[in-house]
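Take a moment with the sequence and the structure below. Then follow the chain from one detail out to the whole and back again.

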Amino acid sequence: MPIQYLTADAVRAAEHATGDLLANGTLMRRAAAGVARVVLGELTGTGGCYGRAVGLVIGAGNNGGDALYAGAILARRGVRCSAVLLAPDTTHSGGLAAFRGAGGRITGALPDTVDLVIDAVVGIGGTGPLRPAAAAVFAGVTVPIVAVDLPSGIDADTGVVHDRSVRAAITVTFGAYRNLHLLAAPRCGRIVLVDIGMAPTDTPDGLFSLTDAEVAARWPVPGPADDKYTQGVVGIVAGSQRYPGAAILASGAAVSATSGMTRFVGSAAEAVVSHYPEVVAVDDLADAGKVQAWAVGPGMGTGDRALDILRTVLAGDLPVLVDADGLTVIARDPDLVRGRTAPTLLTPHAGEFARLSGAAVGADRPAAVRALAADLGVTVLLKGRITLVATPAGRVYGNDAGSSWAATAGAGDVLTGIAGSLLAAGLEPEIAGACAARVHALAALRASGGAPIGASALLAAVRPVIGNLRTAHGGADGHITTG
Ligand SMILES: NC(=O)C1=CN([C@@H]2O[C@H](COP(=O)(O)OP(=O)(O)OC[C@H]3O[C@@H](n4cnc5c(N)ncnc54)[C@H](O)[C@@H]3O)[C@@H](O)[C@H]2O)[C@@H](O)CC1
Ligand SMILES: Nc1ncnc2c1ncn2[C@@H]1O[C@H](COP(=O)(O)OP(=O)(O)O)[C@@H](O)[C@H]1O
Ligand SMILES: [K+]
């Protein structure tokens, strides 16, 4: 099952569906117990609990309530707890009584000597940045911050990181992940999901991410009856004689991502074959031969030739991925793809997205990518640290790259080759996009090892990453029976 991320409204609906558990405070007690468990784990791992000092920053709502009950548990375990109340008149009364009763102290500022800080300014009820008083409390904090539900100052639904917001080392959340845990993952640190007995309902048009196990299980591999044609032949249209790099990177990625066969069309055919002799490369589309999907666009130019190729390819009934220059051509004439019924995947970066949609992506990335997919009636993959893939029906798959080493010229050409080959193998466009984004991100991480990389290094890591994923998640690699 993909991991689902909920909006604040959907979290509230799921909480309300628990009835008594919400009303009688059971959910909050469970949430608090989860926060306390995580904090105790951190303290234990760094020298023990007894006599250690924890500072709590408490806002006006139930988020603060979670932390105060957690503080009561910590205080009973011998942790010195002090809480700064940002809204003393509206602090959660039950939580405050429990905290005080367990020996917790109320202070005007965080003590200098705390070992850890709990951020309970706001949870899903928060709007906008940390207000000045809260920002001032966090200003000098250098110890790890454990965020309750979410790092305060980050929008729960859009993941917008406001200027003043918390950067957490650990985020403890309850019952189900919220959108921001994916959309603002780099600010959440390690995310711990605590079971509080609340079951989210599946929303088909929600936000999801694939697990590594799902990516591994869906990756196409040849079976005993397969040959080079049966696995889905991908046709790459990319690059030019003057700019052969995009052609080489996209073709190499297609060769690396799946078995079977890669065809290439373009004036860089010779250069492609000199790097990848297994690619069947021709200059003209008319000579290409049969493919099961096209991946068109990187470095191909935006002139009449590009338009002709796109017209021909998009008029057919094969799956098509369009990237880069191809998107610029489509932005001039969106009817080339609008309402296309065969699987269609557009893979813009933010600039290309703005060209296609007529407006910048804006703060609400899931809404923007959903709107463009719905408008054009095709699947749209918006690139970036958090790649989002939206279907016309509004289902979005996201992938946090886990690092930003892929932000390098030519990395998008590699993504085109990977995703194109998955389309040719028959994966639905959103799954092809999501699987490609995950492997691409893992390849960047593996290639980097902490040092800068170029797209060639990323490409070289694609095969080992697929191999590792499959091995780690039960992919059988075959055997030879001897004498
Ligand atoms: N309802 C429940 O029983 C449960 C609630 N849970 C917790 O409750 C949280 C939601 O609680 P609430 O709906 O009370 O809302 P929050 O506690 O998230 O915040 C709402 C309060 O913060 C104020 N506020 C909003 N933005 C602010 C900002 N930028 N700076 C300072 N103050 C701001 C609001 O005026 C309001 O008083 C969840 O995130 C979770 O931590 C969990 O305990 C699970 C069970
Ligand atoms: N900050 C980032 N962190 C991680 N990955 C990124 C980041 N910025 C871009 N990427 C990824 O790198 C690739 C860049 O693609 P693109 O912008 O089309 O570059 P190019 O056209 O040079 O190949 C995409 O896969 C994108 O998701
Ligand atoms: K918080």
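Which residue in β13 stands opposite Arg-263? It is Val-280. Keep in mind that this is a predicted model.

Now widen the view around that pair. Strand β12 covers residues 262-265. Three bridges join β12 to β13, and the two strands run parallel. Both belong to an open sheet of 12 strands with mixed pairing. Read across, the order is β8-β1-β10-β19-β18-β17-β16-β15-β14-β11-β12-β13. The edge strands are β8, at 177-178, and β13, at 280-282. Each of these pairs on one side only. Helix α10, residues 245-257, packs on the sheet. There α10 touches β11 (234-237), β12 and β14 (293-296). The direction of α10 makes about 165° with that of β12.

Step back to the whole chain. Its secondary structure comes to 18 helices and 19 strands. The C-alpha trace spans about 80 × 65 × 40 Å along its principal axes. Of the 483 residues, 53% count as buried. Look also at how the chain meets itself. Among contacts with a separation of 6 or more, 72% are between residues 24 or more positions apart.

One stretch carries a label from a record. An unreviewed UniProt entry annotates residues 211-469 as "domain: YjeF C-terminal". This span is 45% helix and 14% strand. Its end C-alpha atoms lie 11 Å apart.

Next, find the ligand. Around ligand 1 there are 25 residues. Gly-61, Asn-62, Asn-63, Gly-123 and Gly-125 come nearest. Helix α4 gives the most, with four residues.

Arg-164 lies between β6 (145-148) and β7 (170-174). Arg-164 has a positive phi of about 85°, although it is not a glycine. Ala-324 sits in the loop between β15 (320-322) and α13 (325-332). Its phi is also positive, near 50°. Which of the two is buried, and which is partly exposed? Ala-324 is buried, because 23 other C-beta atoms lie within 10 Å. Arg-164 has 17 such atoms within 10 Å, so it is partly exposed.

Key. Residues are numbered from 1 along each chain as its sequence is written. Chains are lettered from A and ligands numbered from 1 in the order in which they are written. This is a predicted model: local features need pLDDT of at least 70, side-chain atom pairs count only at pLDDT 80 or more; totals for chains, interfaces and linings use all residues. Two strands pair if DSSP finds at least two bridges between them. Two residues are in contact if their C-beta atoms, placed from the backbone, lie within 7 Å. Axes are lines fitted to C-alpha atoms, for helices over the stretch in contact, and angles run from 0 to 180 degrees between N-to-C directions. A residue is buried if 20 or more other C-beta atoms lie within 10 Å of its own, exposed if 12 or fewer, and partly exposed in between; C-beta atoms are placed from the backbone. UniProt positions are given in the numbering used here, feature names are shortened, and annotations may be inferred rather than shown by experiment. A residue is near a molecule or strand if its C-beta atom, placed from the backbone, lies within 6 Å of it.
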